[in-house]
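I opened the model to look up a few residues and how they pack. My entries follow.

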Amino acid sequence: MHDRSANVSWTKYTAFGLRIASELNLPELLLAAPEAVEDVVIRQADLTAWSGQLEQANFVMLDERFMFQIPGTAIYAVREGKEIEVSIFSGADPDTVRLFVLGTCMGVLLMQRRILPIHGSAVVIEGRAYAFVGESGTGKSTLAAAFRQAGYQMVSDDVIAVKATTSSAIVYPAYPQQKLGLDSLLQLEALRENKHVRNSVMPQYTDLRMLAGELNKYAVPAVDEFYNDPLPLGGVFELVADSPIRALMREGELVAVTEQPLNVLESLHTLLQHTYRRVIIPRMGLSEWSFDTAARTARKVKGWRLLRDSSVFTASGVVQRVLELIRKEEKSYGSH
């Protein structure tokens, strides 16, 4: 049990398999039972004494505390995987304050708890979590949203929390919200209006909120399509956009994506390359741990690289190809 001031209003939430008691309002997260014993505390604190030192560096490490400053927003400190302190500057935008609490702070806190944060989106397919990673703009969130439209549940968007055990890799769900650009929303809305695919399970993109500091990106609630229990990681798909491949014919149809199976070393490289906030890992003294966790994960799950031709790309087409690959892999695994 964490020491919390009795005269402060606290709300209990759940995210990444953790019970969180927060002094800050975090509407993106699911509420936890008020009597739940928290794993993590998020509180306001005066950290301005560190402002000068933080102006000289992107972040500082003090014992077990990771600290960074966002000018005009707040100073943040993350300690021992148990506590996030926030010193909010006067006039700061609350949405921007929360953006860094739920992003960088949570990523650091997960690493402090020896849970590997992967930058990407994940959905539930055949009882397992499948992760989609790639550089910015490759379509990770758009593809996850397309899976939602096809009736599949979302596990995470932006940060995928992976815990490597002796027998498997486990994913802890994040929270029910996606970040989608305007182009993605328009493409998905067009898919919804297609008379051939319209059905009652498709989410409607209403009640959107523009994300602070993001150009034409919106927060999209996904409560009804969110899966909130830990589950095994089934595989990792690395998306590569604007590939020089040419669209090809498969079974008489034009397809805009082709796949390359990844061996263990290639899967390891992919996981390391797309670890969330990976540049800070050496400074936190966690290089050996992150490499070992990624290596154990790469040995346990299948990896693919998806190369797509943007000129004829459709998210629904990639969904179908991903499902084909997974079902083929499941069938192959079942035959052994």
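Which helix does Arg327 lie in? I found Arg327 in helix α7, residues 315-334. Helices here are DSSP runs of H or I with at least four residues, strands are runs of E with at least two, and both are numbered from the N terminus.

A note on the source: this is a predicted model, where local features need pLDDT of at least 70, side-chain atom pairs count only at pLDDT 80 or more, and totals for chains, interfaces and linings use all residues. Residues are numbered from 1 along each chain as its sequence is written, and side-chain values use heavy atoms, with hydrogens and water left out.

**Arg327.** I checked accessibility next. Arg327 counts as partly exposed because its relative accessibility is 44%. The cut-offs are under 20% relative accessible area for buried, over 50% for exposed, and partly exposed in between (1.4 Å probe, protein chains only). Leaving aside neighbours within four places in sequence, Arg327 is in contact with Glu126 and Tyr152. Contact means heavy atoms within 4.5 Å. I also looked up Ile125: its C-alpha atom is 9.7 Å from that of Arg327, though the two are 202 residues apart along the chain.

**Arg305.** This residue is in strand β20, residues 302-308. Arg305 counts as buried, at 19% relative accessibility. Its side chain makes a polar contact with the side chain of Glu238 at 3.0 Å. A polar contact is a pair of N or O atoms within 3.5 Å; within protein, one must be able to donate a hydrogen and the other to accept it, and residues adjacent in sequence count only if both atoms are side-chain atoms.

**Helix α3.** I went through residues 140-149. Ten of the ten are buried, so α3 is largely enclosed by the rest of the structure. Just after α3, Gly151 takes a positive phi of about 100°.

**Salt bridges.** I found 13 in the structure. The criterion is a side-chain nitrogen of Lys or Arg within 4 Å of a carboxyl oxygen of Asp or Glu. Arg19 pairs with Asp39, closest N and O atoms 3.3 Å apart. Arg19 lies in strand β2 and Asp39 in the loop between β3 and β4, so the pair ties together parts that are 20 residues apart in sequence.

Arg98 forms a salt bridge with Asp95 at 2.9 Å between the closest N and O atoms. Both lie in helix α2, three residues apart, about one turn of the helix. Arg98 counts as buried at 10% relative accessibility, while Asp95 counts as partly exposed at 24%.

Last, I noted a network of salt bridges linking Arg43, Arg65, Arg79, Glu83 and Glu85.
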